[in-house]
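Good morning, colleagues. Please take a moment to bring up the sequence and the structure, and I shall then walk through several regions in turn.

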Amino acid sequence: MAAPLSVEVEFGGGAELLFDGVKKHQVTLPGQEEPWDIRNLLVWIKKNLLKERPELFIQGDSVRPGILVLINDADWELLGELDYQLQDQDTILFISTLHGG
Amino acid sequence: MPAPPCTSCHAARAALRRPRSGQALCGACFCAAFEAEVLHTVLAGRLLPPNAVVAVGASGGKDSTVLAHVLRELSPRLGISLHLVAVDEGIGGYRDAALAAVKRQAARWELPLTIVAYADLFGGWTMDAVARSTAGSGRSRSCCTFCGVLRRRALEEGARRVGATHIVTGHNADDMAETVLMNFLRGDAGRLARGGGLGSPGEGGALPRCRPLQFASQKEVVLYAHFRRLDYFSEECVYAPEAFRGHARDLLKRLEAARPSAVLDLVHSAERLALVPAARPPRPGSCSRCGALASRDLCQACALLDGLNRGRPRLAIGKGRRGLGEEGPQGAPGDRAQPPASETIPAF
């Protein structure tokens, strides 16, 4: 049984527009059987934070290609991507590269 | 699981994996490498000679923000001076916020800024007015095409007003790869042939243009802005969702997920492409109205404005590319659509 986690979820580069324009979200993830990883964080975000057009943020079980994910300011590609296990007080930042020029 | 150490300094933790090389670098080493690569692109391509007065096409978006910031860092080495030129397309609600971002940048970086407006340059036409005029004509998807043609002209005009000798735009590798894909999908061999290289040398009296970020991936441009804490504007233009470019972008992103080097490979493919003589575009002449480079009697911008002023915007683009003097019968049965004019990149 994993204990509840307190993490900061941030959106930038235009991704915040899908979340009522709010960039920073301080969230508490409830305790659950499985450890929290990015894969089930995305499911939680879709259910609890995402306000509109989910297909512009999530495709399949991952983020839409073109959205960068930084975990504690490091590229998730260095940290196992969807399999990264969240720690208490982590900051997860999603930056869209798809907006504007 | 912590991030591995930076493969350059071995001191800090790596902050990203570079798309092309797979190299893991910390934020500081990445930013230094990014700047060194832009410097190399400019020097190796001899894009900006010493004493050049460089007009930076500034939209407030990520690409031009990063371009202006990097060139400002490099300007003592290059011996160039910079002038931001922003274009006010007249898009209510969208461009005002973007221009506010450009003004903040100009103030923070102490760079001169000049704003040129479509309405002033093009006889009162704003992009919103163009969009209203094309709505219902079946050309509403072409807003970005119209806007790209006009923006290119506006940037040229703004650059001349400030006495610039060169124009730079923020197009990155992903923009270039999208354009290559679009030109392929539209069968536009002429544009494929012209698309290679780092810019245009300034034929026909036009100012030389170049794209110093052409080999930088979108991911790296965005992460550079992030690690340097640059403030940029990131809302999508209200007209962009209609554009064909979005489909090319989605396709490219999926290709990149399967093969991270796909973006740069496409850019290089276009550069190495050789066309059979029959597919090569005709040598451009000059526009009979404004004197700008044109492959027809009128350049694209003049043809487009002419169509708009006659209340027949569809003449200006697509079929109208044949030139206004060669107008065929309109909407004749079996009149198959001509290949549409390629869209120029919707933002600089």
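Let me begin with a term: a residue is called buried when its relative accessible area is under 20%, exposed when that area is over 50%, and partly exposed in between. Please also bear in mind that what you see is a predicted model.

With that cut-off in hand, consider strand β5 of chain A, residues 67-71. Five of its five residues are buried, and the strand is mostly covered. A:I67, A:V69 and A:I71 point one way from β5(A), while A:L68 and A:L70 point the other way, and all of these are buried.

What does β5(A) pair with? One partner is β7(A), in the antiparallel sense and over five bridges; within that pairing, A:V69 has A:F94 of β7(A) as its bridge partner. Another is β6(A), also antiparallel, over two bridges, where A:A74 stands opposite A:I71. The hairpin of β5(A) and β6(A) has two residues between the strands, and A:N72 in that hairpin takes a positive phi near 50°.

Positive phi values occur elsewhere in chain A as well. A:R53, a residue other than glycine, has phi near 40°; A:R53 sits in the loop between α1 (38-48) and β3 (58-59) and is partly exposed at 43% relative accessibility. A:E81 has phi near 50°, lies in the loop between β6 (74-75) and β7 (91-96), and is partly exposed at 34%.

Still in chain A, A:H25 belongs to strand β2, residues 24-29. Is A:H25 buried or exposed? A:H25 counts as buried, because its relative accessible area of 13% falls under the 20% limit. A polar atom of the A:H25 side chain lies 3.0 Å from the backbone oxygen of A:V22. Beyond its neighbours within four places in sequence, A:H25 is in contact with residues including A:V7, A:F11 and A:L49.

I turn now to the nonpolar interior. In soluble globular proteins, nonpolar side chains tend to be buried together. Here the largest nonpolar core has 50 residues, and those with the most contacts inside it are B:F30, B:F34, B:L48 and B:V66. Among the elements that give two or more residues to this core are β5 and β7 of chain A, together with α1 (27-44) and α2 (62-78) of chain B. Apart from it lies another core, of 40 residues, among them B:Y94, B:A164, B:C237 and B:L304. As for B:F34, the residues it touches, not counting those up to four places away in sequence, include B:V66, B:V70, B:L213 and B:Y224.

Finally, the charged pairs. Over all chains, the structure holds 26 salt bridges. In one of them, the side chains of B:E89 and B:R95 meet at 2.4 Å, N to O. B:E89 is buried at 1% relative accessible area, and B:R95 is buried at 4%.

Which residue forms a salt bridge with B:R245? That residue is B:E178, with the closest N and O atoms 2.9 Å apart. This pair links distant parts of chain B, since B:R245 is in helix α10 and B:E178 in helix α7, 67 residues apart. B:R249 also forms a salt bridge with B:E178, at 3.0 Å, and that pair is 71 residues apart. B:R249 is buried at 14%, and B:E178 is buried at 0%. In chain A, salt bridges that share partners join A:D37, A:R39, A:D61 and A:D83 into one network.

Note on methods: Residues are numbered from 1 along each chain as its sequence is written. Chains are lettered from A and ligands numbered from 1 in the order in which they are written. This is a predicted model: local features need pLDDT of at least 70, side-chain atom pairs count only at pLDDT 80 or more; totals for chains, interfaces and linings use all residues. Side-chain values use heavy atoms; hydrogens and water are left out. Helices (H or I, at least four residues) and strands (E, at least two) are DSSP runs, numbered from the N terminus. Buried means under 20% relative accessible area, exposed over 50%, partly exposed in between (1.4 Å probe, protein chains only). Two strands pair if DSSP finds at least two bridges between them. A polar contact is a pair of N or O atoms within 3.5 Å; within protein, one must be able to donate a hydrogen and the other to accept it, and residues adjacent in sequence count only if both atoms are side-chain atoms. Contact means heavy atoms within 4.5 Å. A nonpolar core is a set of buried Ala, Val, Leu, Ile, Met, Phe, Trp, Tyr and Cys residues joined through side-chain atoms within 4.5 Å. A salt bridge is a side-chain nitrogen of Lys or Arg within 4 Å of a carboxyl oxygen of Asp or Glu.
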